[in-house]
Amino acid sequence: MKLAYWMYAGPAHIGTLRVASSFKNVHAIMHAPLGDDYFNVLRSMLERARDFTPVTASIVDRHVLARGSQDKVIENITRKDREESPDLILLTPTCTSSILQEDLQNFVNRASSDASCDVILADVNHYRINELQAADRTLEQVVRFYTSNKDTQAQCREKTKMPSANILGIFTLGFHNQHDCRELKRLLNDLGVRIHQTIPEGTRVNQLSELTRAWFNVVPYREVGLMAARYLEKNFGMPYVAVTPMGIINTARFIREIHKAKALTRLRVESFNSTEIKVPEEPQGLDTYVDEQTRFVSQAAWFSKSIDCQNLTGRRAFVFGDGTHAASMTKILACELGIRVVCAGTYCKHDGDWFREQVQGFCDQVLITDDHTQVSDMIAKLEPSAIFGTQMERHVGKRLDIPCGVISAPVHIQNFPLSYRPFLGYEGTNQIADLVYNSFNLGMEDHLLEIFGGHDNANGSEANSQGQGSPQLFEPIAQKCLIDWAPEALRELEKIPGFVRGRVKRNTEKFALKQQAQLITIEVMYAAKETLSN
Amino acid sequence: MKNSQQSLLKTSVPVECETGNYHTFCPISCVAWLYQKIEDSFFLVIGTKTCGYFLQNALGVMIFAQPRYAMAELEEGDISAQLNDYKELKRLCLKIKQNRNPSVIVWIGTCTTEIIKMDLEGMAPKIEHACEVPVVVARANGLDYAFTQGEDTVLAAMIHRCPKDFSSSPYPKHPPLVLFGSVPDVVATQLTLELKQQGVHVTGWLPSSKYTELPVLNDQVYVCGVSPFLSRTATTLMRRRRCRLIGAPFPIGPDGTRVWVEKICESLGLTPKNLSNREQQTWSRVKDYKQLLQGKSVFFMGDNLLEISLARFLTRCGMVVYEIGIPYMDCRFQCAELNLLEKTCREMSVPLPRIVEKPDNYNQIKRIRELQPDLVVTGLAFANPLESRGITTKWSVEFTFAQIHGFTCTRDVLELVTRPLRRNKLLELEATSSSNLFVRS
């Protein structure tokens, strides 16, 4: 047992549901008690999804506990098959079904004979893996299911005429995934690579058998997609590019890797059938492209040379997040902006070695933990001038008065912006530069304000009435009170949340004066509320 | 008392039952408002990552405010009994005592503790003894309960900790009265004052804002509920403490509040005075909102058990209720409320709505599509998708967290109900001149 308030990565079934609900026309059925379908709320609220989330629960209640699910799961599967005719139903186990140890695979087998859609049991163990690992696995599982037939084996050799790539790992509730995806497509398009399929987001599972016609795969995020990419490499010889194009240096590396993967497939295809496929020449030299993008599309390189950025030299930053974002951010801060990263960390414990290797040499120390108290203790100890982390670190920052830029999930609704905010590619470098600059700059502004005595109305009338502080330029906002408060009423007033308390107080006083009350009692307070609230 | 007990039992309002495939919050969410209400408590939810993830996301920013609750997250070793539950829980409780020094630790049992049959009730007294902090056990799990029923299980468990004997003599003019149900302190004060005007003295509240101030409960005490989801608490009060339950509708809306006060007065042998005046005054203060609602239709998908009371109140406001979905319907505890609903419908000459217990969301959405109600009260899982299909929605969970009890809060409830309608009006005005995106189909 472990005392916990906050977790960075959610339970396994969330990962499965994120993948399932990203595919088009796939329905997930959770084997779960009432209330475990909170995922639907998350998707509907954070992503502001317009469609019903294709997730339902086959409810585990007392009866199920006593007698087993029996036909309930199968009925729910066949019912959903009738109602929505999905291409695939993914039966999703939860922590509850993990310990019930019902033979869900048997239900799946029985249901698939009745249902017209495909039915798969997601192979995830709640107690062994987390949300991200489960998403990675589920994606691989679905890809495997739809590519293991003979057609695919044949199609594998028929590559598309033009160079093309699949993007693996873009899905629902991912940190800025939609924007990143658009940016990636633009980048690949510039490089003469067509997007064959983007999975799981927006793809139908029955198209997956065509997946292998692409020349290679792109895995933008370390956490999800790698398993599928490795599977496709092993079984169909598809090369993959797993460099995250985040930051100028890594984007350039990504572009070179793309080029390599393209060349590799071209060689292979030409050895199959030498004449048929015509490979177009590069639109321009690769180096020219990178150079132009770096200098003119991205402002980040120029920004790091500008006087603004000089002021950031040697400033101390703390980085924490998922593996992909924390590692990339560390490198950007250290190599591209000249900022000293005092600690880089990740909560992806399962991938700790990779992370350590990535950030080695770019930071003073490495922290690999999923315990938020350890993270906040570290921040408090190191006192960096800015934090780049998750929502949790943002709040730690608030408490310690250190500015924070959010670079990784878990996130709140404000990290699902409507405007275009990629973290990847050349536009991403601009966004990151802004984020970094704004985080540090605001911290500086606060600091300077403090040195010079704060905003001129910060201490307001209170300081004045106590005869302290600088003389006020403006009249105090609230007029002086002309009527007394009974002690109980004052206590009651204390119970009202701070941000409305002032208004309630003024309104009550106005009301009491109008009523010519001598003293504000609790009764007067509530009479005021009833009368004044309209 | 005989009268009130009889009216507790009978209602002729029909209730249908569907499949129970509906969306609601897990009952462990009750820690969100209970830890705030009971200031000296600490809530320990004994469950898995799933429970923790739900709380973390559902409670939003509360989680950053160093809340007085935590997860005792069960790991594989706990499930397979490689670790000793007793030792583990004792370790955590000692840690909590050391860090927070609460007057009570409430253990919230979850689905997992049910399935692995962890004997929380058996361990609690031993750990209570070892740590010298009272430990109350409430099984608020998703196998048995929905959303607000979590509070019901906690309060029912707290009853056993209430003192039995009065140390000083109770209020002389009428028998002691204890109100049950967690409401914000401000609302508790308002309701207490409302009764005070009738000469009724409220002896205590369950829960009070401190665990150390739990009310005395014995066979002298009259009890009355303020929320419709407290049936287990009511039963426990009657059976275990022989308290006398006052069967009344719930003080939600001026109509409900009035009858609630009346029933309490009657049971205590007092004659209510000036009540209809008070009710009329309140109605007249919300005329503008009532006008907005007049003739509009509403559909409750059902997730927090407040549905019957809200539907009754909105019927009185002139709305037509198509369907009241509700997770669980205790026809005995809600009897007075159901009868008032029936009476209200008759008086407003509208048909009695269909009441659906354990609704099926899929079927409900089909019905919503057919009926095209003006307003659907629903959970967040369906709100955005329905809005995007041109159906106006109100997020139901807000009613759980907002102040909705008593005359004083009438406007607050209507504020919530009318908000989407008011927004539509504003957007429609804009839409006529700009684009047709906002024009409702």
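**Exercise 1.** Find which residues A:Glu183 touches, not counting residues up to four places away in sequence, and state whether A:Glu183 is buried or exposed.

*Solution.*
1. With contact taken as heavy atoms within 4.5 Å, A:Glu183 touches A:Tyr420, A:Pro422, A:Leu424, A:Gly425, A:Tyr426 and A:Glu427.
2. The model is predicted: local features need pLDDT of at least 70, side-chain atom pairs count only at pLDDT 80 or more, and totals for chains, interfaces and linings use all residues. Residues are numbered from 1 along each chain as its sequence is written, chains are lettered from A and ligands numbered from 1 in the order in which they are written, and side-chain values use heavy atoms, with hydrogens and water left out.
3. A:Glu183 sits in helix H9 (residues 177–190) of chain A; helices (H or I, at least four residues) and strands (E, at least two) are DSSP runs, numbered from the N terminus.
4. Because its relative accessible area is 2%, A:Glu183 is buried (buried means under 20%, exposed over 50%, partly exposed in between; 1.4 Å probe, protein chains only).

**Exercise 2.** Which polar partners does the side chain of A:Glu183 have?

*Solution.*
1. A polar contact is a pair of N or O atoms within 3.5 Å; within protein, one must be able to donate a hydrogen and the other to accept it, and residues adjacent in sequence count only if both atoms are side-chain atoms.
2. The side chain of A:Arg186 is joined to that of A:Glu183 by such a contact of 3.0 Å.
3. The backbone nitrogen of A:Tyr426 is reached by the A:Glu183 side chain at 3.5 Å.

**Exercise 3.** Describe the interface of chain A and chain B.

*Solution.*
1. Chain A gives 62 residues to the contact and chain B gives 81 residues.
2. About 6300 Å² is buried between the two chains, 60% of it from carbon and sulfur atoms. Buried area is the accessible area (1.4 Å probe) that two parts lose on being put together, summed over both.
3. Of the area that chain A buries against chain B, A:Met1, A:Tyr5 and A:Phe52 supply 16%, more than any other three residues.
4. The interface has 9 salt bridges, a salt bridge being a side-chain nitrogen of Lys or Arg within 4 Å of a carboxyl oxygen of Asp or Glu.
5. B:Arg285 forms a salt bridge with A:Glu530, with the closest N and O atoms 3.2 Å apart.

**Exercise 4.** Where does B:Phe147 lie, and is B:Phe147 buried or exposed?

*Solution.*
1. B:Phe147 lies in the loop between strand S5 (135–139) and helix H8 (149–159) of chain B.
2. B:Phe147 is buried, because its relative accessible area is 0%.
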